[in-house]
Amino acid sequence: MWWKLLLFFWIAAFSAIGILTPIAGTLGDVAMMGQMGSAKEIPVKFEIADKSTAAVGADGAAFVMRGIDAQGRSADFAFASNPSDFDAATGYIVQGRYDAAAHRVIVSKVLSTNPGMTFPFIPGLEERAKIILFHVPVSWMTVIAFLVSMWYGIRYLRKKDLEDDAKSAISAGLGLLFCILATTTGSVWAKFNWGSFWNWDPRETSIFVLLLVYGAYFALRSALDIEEKRASLSAVYGILAFVTVPFFIFIMPRILPGLHPGSADDTNSGPVVSSGGMNATMRIVLYSMLLGHIVLYAWLMRLRVSVTRLAMRKADGA
Amino acid sequence: MNTTDVMRSIIAILGKDVRSELRTRYAVNALLMFVVVTLSVILFSLAGETVARSVHAGLLWVVMFFAAMSGLARSFVAEEERGTTLTLQLLATPVSVYIGKLLFNTALTLLLNSFIVLLFLLFIPDFTPAQPGLFWTVVLLGGVAVSSATTIIAAIIARANTKGTLFPVLSFPILLPLLMSGISATKIAMEEQAWTSAWADLQLLGSYIVVVVTASILLFEHVWKD
Amino acid sequence: MYEFLEQNSIYVVMTIVLMVWSGVFLYLLRIDGQVRKLESKK
């Protein structure tokens, strides 16, 4: 019982952390936005370097303080006026844009004072970057469920125990659920980020193929009446799909140019998890969500397996 | 059974299939007509318009895929229909049945693919591969790959209740990796690109055949014996 | 609606979270149905 409660609070807490943690960039990010000619203001996080030097600037209009960002670079931050909570502040997340000539960030709005954890700013993604915390665990579960399904398929072929076949089918069912969720969530997100629901990016193709495999697997199961026949044929098909389909999931998205991070033509963020785009906070939240989803999968699987086992026992007894 | 026995029964099964095919010409006639019909639909819809060469590569593979889908299930379904499955199960080892059927299907696919390419060359005026050597390599290697993947799927669906409709459903996801690299290699062969740019695709086709045939030999026993 | 989501992209992320949880809920409903069927079929 206790671990189910823990699971609930684990996923709820990390979802909340994922949604609430602010996105904040560094001086490098705000300078890059300025160089690209974008007038857009972005959130920047900094620590006040030396409080005593903060004063009304030489131009008389702005309250200027020197700030150091997470990478140790420093620049002046020009506020429109003295922020009311300045005495208690050690750092700020502000919204602003970079003025290269004066080497200062012109602040339009204070977003938060004394900020804690933040997620990195990724140009073009901003808040939408947080999808990685919810979409990626679901996508991983699709593959893990497929792996487990194949594993029980092999076990069935060795031991001819119908319970292994039931487990194989249940895992495939959960995989189908996660596959549909990964496809729809990705599709909704793509509409807002890439402009259309479906772009035939290599990773979209790979999830589509996985969806087809799951569909074909259940079509085959429903076409077979005799339990033993259904079990062995669907196990064979699962294994056959498993030896051919990984090409789509693991190789193709990395060798072909595409929109997802980690594609061949991706120069700015690279494989998101291993380098670049993410900071330690985001990585910890992502891995925690992954762990939570694995336990969630195991729980749903166990639940369904025990219900099916009861049904099988009842059918035998009758 | 030793190796020579297995070899002998493979050849016997292949010979039996070839002879029964030559006697009825069911598969060959139906498939050749299927190809002619499909190609005429394509010709009607193109109606003299010039299409990019890369589109031709796609069209060629569409015809080859559907021809395979309509013909290759035959070898196992026919055994079920004639009621000869049990005899084969008693007389031959699963491995020799699988390899015999695989060889027959491969021969059929290669024949079919060559026929399709010949018709394309004859009837579509701007269908001219810039690199004929590479082009034929891809078409023939692709044919072997298609037959190696579909043979075991044909064996699976022969045991299911809805024989015809399931075949493309089950085959398509398995065949997709090979279709994609086949199409991209054919595109390269149609245009004057460097021969080496198709190398990755050819390697992929080759390794696909090895992987699928190995997996099929290991798994076939479970499909074939109840 | 579309403009709102476009300007407040955190709601896009929240929609996605909601979708994931709806999916899990629907799955629980299916298990519930299975248990109910099992119970009524004495």
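A: First, some housekeeping. This is a predicted model, so local features need pLDDT of at least 70 and side-chain atom pairs count only at pLDDT 80 or more, while totals for chains, interfaces and linings use all residues. Residues are numbered from 1 along each chain as its sequence is written, and chains are lettered from A and ligands numbered from 1 in the order in which they are written.

Start with chain B as the partner. Chain A puts 23 residues into this contact and chain B puts in 21 (contact means C-beta atoms, placed from the backbone, within 7 Å). On chain A's side, the elements giving two or more residues are α5 (202-222), α6 (227-244) and α7 (246-255); helices here are DSSP runs of H or I with at least four residues, strands are runs of E with at least two, and both are numbered from the N terminus. The top contributor is α6(A), with 10 residues.

The axes of α5(A) and α6(A) lie 9 Å apart, at an angle of about 165 degrees; each axis is a line fitted to C-alpha atoms over the stretch in contact, and the angle, from 0 to 180 degrees, is taken between N-to-C directions. The pair is therefore roughly antiparallel (over 145 degrees; under 35 is roughly parallel, 65 to 115 roughly perpendicular, the rest oblique). The crossing of α5(A) over α6(A) is right-handed, which is to say the near helix is turned clockwise from the far one by less than a right angle, anticlockwise being left-handed. From α5(A), the contact uses A:Val213, A:Tyr217, A:Leu220 and A:Arg221, and from α6(A) it uses A:Arg230, A:Leu233, A:Ser234, A:Tyr237, A:Gly238 and A:Ala241. Sorted by type, that set holds 6 nonpolar, 2 polar and 2 charged residues.

Chain A also meets chain C. Here 25 residues of chain A face 18 residues of chain C. On the chain C side, α1 (2-7) and α2 (9-40) each bring at least two residues, with α2(C) holding the largest share at 16. Chain C's side comes out as 13 nonpolar, 4 polar and 1 charged.

Now for some individual residues in chain A. A:Ile132 sits in helix α3 (residues 132-159) and is buried, since it has 24 C-beta neighbours inside 10 Å (20 or more other C-beta atoms within 10 Å makes a residue buried, 12 or fewer exposed, anything between partly exposed, with C-beta atoms placed from the backbone). A:Leu286 is 154 residues away from A:Ile132 in sequence, yet their C-alpha atoms are 7.5 Å apart.

Two loop residues have backbones worth a glance. A:Asn114, in the loop between β7 (104-113) and β8 (119-120), has phi near 45 degrees, a positive value in a non-glycine residue. A:Asn114 is exposed, because 12 other C-beta atoms lie within 10 Å. A:Lys160, in the loop between α3 and α4 (162-193), also isn't glycine and has a positive phi, near 55 degrees. With 13 C-beta neighbours inside 10 Å, A:Lys160 is partly exposed.

Finally, across to chain B. Chain B has 9 helices and 0 strands, and 44% of its 226 residues are buried. Of its contacts with a separation of 6 or more, 84% join residues 24 or more positions apart. Its helix α4 (residues 74-82) buries B:Arg74, B:Ser75, B:Phe76 and B:Glu79. The cover over these includes α1 (3-24), α2 (26-46), α3 (53-71), α5 (85-91), α6 (94-123) and α7 (132-158) of chain B. After α4(B) comes B:Gly83, with a positive phi near 75 degrees.

Notes:
Two residues are in contact if their C-beta atoms, placed from the backbone, lie within 7 Å. Ala, Val, Leu, Ile, Met, Phe, Trp, Tyr, Cys and Pro count as nonpolar, Asp, Glu, Lys and Arg as charged, and the others, Gly among them, as polar.
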